[in-house]
Amino acid sequence: MQIQDYSAAQINTSVTAAANVADQWAQSSAQTRATLLRGLGDVLVTHRETLVRLADEETSLGAARLNGELDRTMFQLRGFADHVEAGHAFAFSDDAAIAGAPPVGRPHLSRVRIPLGPVAMFSASNFPLAFSVLGGDTASALAAGCPVVVKAHPGHPRLSREVFKLAQSVLAQQGLPDGLLGMVEGAGIDVGVELVRHPEIAAVAFTGSFKGGSALWAQANARRRPIPFYGELGSINPIVALPSALSAQAEELAQALAASIEFGSGQICTSPGLVVLFEGADADRFETALRDALKDKKTHAMLTPGMKRNFDAGVARLIGTRGVQAVLAGEATGDDHAPPRPVLARTSAKNFVAEHALHEEVFGPACLLVRVGSADEVVDVLTAVGGSLTVTLWGAENGTDDVRRITRRATQIAGRVLFGGVPTGVAVTGSQNHGGPWPASTQPFTTSVGYAAMDRFLRPVALQSAPAWLAECAGQPC
């Protein structure tokens with residue numbers, strides 16, 4: 001379906017409508033917000049069959065995956081409703097006055113949080129429901145008391161329009177202004193840039209490519225009044241397989257990893273793109289098992305022809321880098337609609353550290369094995385990665401000096417460290433952190449998944465010697 005780029009005037013209309021209701025929504029009660037969030041979740045479930053069909057037609061992700069994603073989207077919306085009702089959106093601290101001069105004495109101070117205002121939310125290509133029109137960013141911003149203007153992804157326009165239409169019906173049923181949720185479309189970069197630059201936009205939430213996200217981040221910082229840009233930009237998600245893990249279960253781990261690499265044709269931000277192995281017979285056994293498991297995997301077509309072209313180019317860059325040996329790689333077909341073939345390659349720790357091209361994500365079912373000879377080299381490899389959404393450590397059960405050192409480095413470069421399993425699959429919960437140091441994200445102190453995501457859209461304000469009427473608001477915006 002052809003995508004029509006919204007004009008500056010159309011974008012302005014959507015943002016202005018959001019700005020006009022920002023104060024009203026900031027003052028809304030926990031019950032009002034929770035009722036909206038639950039209503040949005042319910043309408044998705046009611047129209048499940050239509051939404052899953054549209055999503056599959058536009059993304060080829062399959063009914064099973066998309067039904068699970070719809071359930072996740074509903075879970076997020078209802079979870080944020082519970083989170084708001086528990087009082088978290090209006091949490092505040094209060095310090096009573098103490099007579100006398102500082103530092104012992106002080107005036108009465110309350111620390112509250114206020115909603116930022118209209119949020120521009122950029123939908124992701126690879127999660128057409130859970131990171132799209134009514135995905136986690138929209139849910140968390142609405143929960144915080146902020147209107148949202150969605151930039152629909154051109155990879156699933158019909159689905160986006162249908163979800164937006166259903167959301168508008170919920171707003172109407174609940175007597176809420178339609179400006180609370182707006183949507184703009186466009187395949188080119190101009191629409192996104194215009195949205196980020198709009199003076200009424202107070203923050204941006206983005207999930208997507210490093211190239212697109214870093215360009216929009218620069219636009220957010222170049223504004224006359226810079227605004228927060230919460231960008232999740234992708235990751236290579238290293239797995240470190242310590243010798244004890246491979247000696248015990250090399251084949252089992254290889255099977256689990258192959259399924260993780262293949263999941264969604266590798267179009268997952270937490271897809272494992274790097275595995276660190278200590279040289280030896282167990283590593284050889286693991287590599288053979290992983291190659292054989294990947295060889296039999298049947299992937300599906302990628303989300304867009306452009307993504308398939310980018311994957312083929314990324315694979316060519318990976319295999320063509322000095323010091324890299326192909327373990328599993330089929331011939332490129334030149335067909336942008338053909339399913340991608342899983343790719344496995346190998347290099348040394350020294351070469352990985354030296355070749356910056358190997359630190360870049362290949363978005364799709366591709367994985368690089370890095371052979372190391374010591375814990376020092378593991379630390380060097382993780383340091384070279386720089387920033388990642390996840391690091392997974394297999395075999396870290398015993399807290400030896402080397403394991404502690406590797407674990408410290410993992411926590412320094414990643415937003416989430418796993419001590420088993422695979423990184424694909426991100427739970428929506430209070431303790432989740434989906435982010436990480438650059439280049440994984442632009443704001444490593446925040447998360448885009450889990451209930452702490454709401455905090456991105458609330459700004460702290462200290463109220464000193466507040467009058468009684470304001471103190472009685474108890475964290476609720478006046």
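Which residues are exposed on the other side of α14?

## Basis

This is a predicted model, in which local features need pLDDT of at least 70 and side-chain atom pairs count only at pLDDT 80 or more, while totals for chains, interfaces and linings use all residues. Residues are numbered from 1 along each chain as its sequence is written, and side-chain values use heavy atoms, without hydrogens and water.

## Helix α14

Helices (DSSP runs of H or I, at least four residues) and strands (runs of E, at least two) are numbered from the N terminus. Helix α14 has 13 residues, 401-413, and should span 18 Å at 1.5 Å a residue, the expected span being 1.5 Å times one less than the number of residues. Its end C-alpha atoms are 19 Å apart, which agrees.

Val 403, Ile 406, Thr 407, Ala 410 and Ile 413 are the buried residues of α14 (under 20% relative accessible area; exposed is over 50%, partly exposed in between, with a 1.4 Å probe and protein chains only). They lie on the same side of α14 because they cover an arc of only 135° around the axis, taken from the directions from the helix axis to the C-beta atoms. On the other side, Asp 401 and Arg 404 are exposed. The cover over the buried residues includes α13 (375-385), β13 (388-394) and β14 (414-418).

## Nonpolar cores

A nonpolar core is a set of buried Ala, Val, Leu, Ile, Met, Phe, Trp, Tyr and Cys residues joined through side-chain atoms within 4.5 Å. The largest has 71 residues, and Leu 36, Leu 134 and Phe 457 have the most contacts inside it. Apart from it lies another core of 29 residues, among them Ile 406 and Val 240.

Conventions:
Contact means heavy atoms within 4.5 Å.
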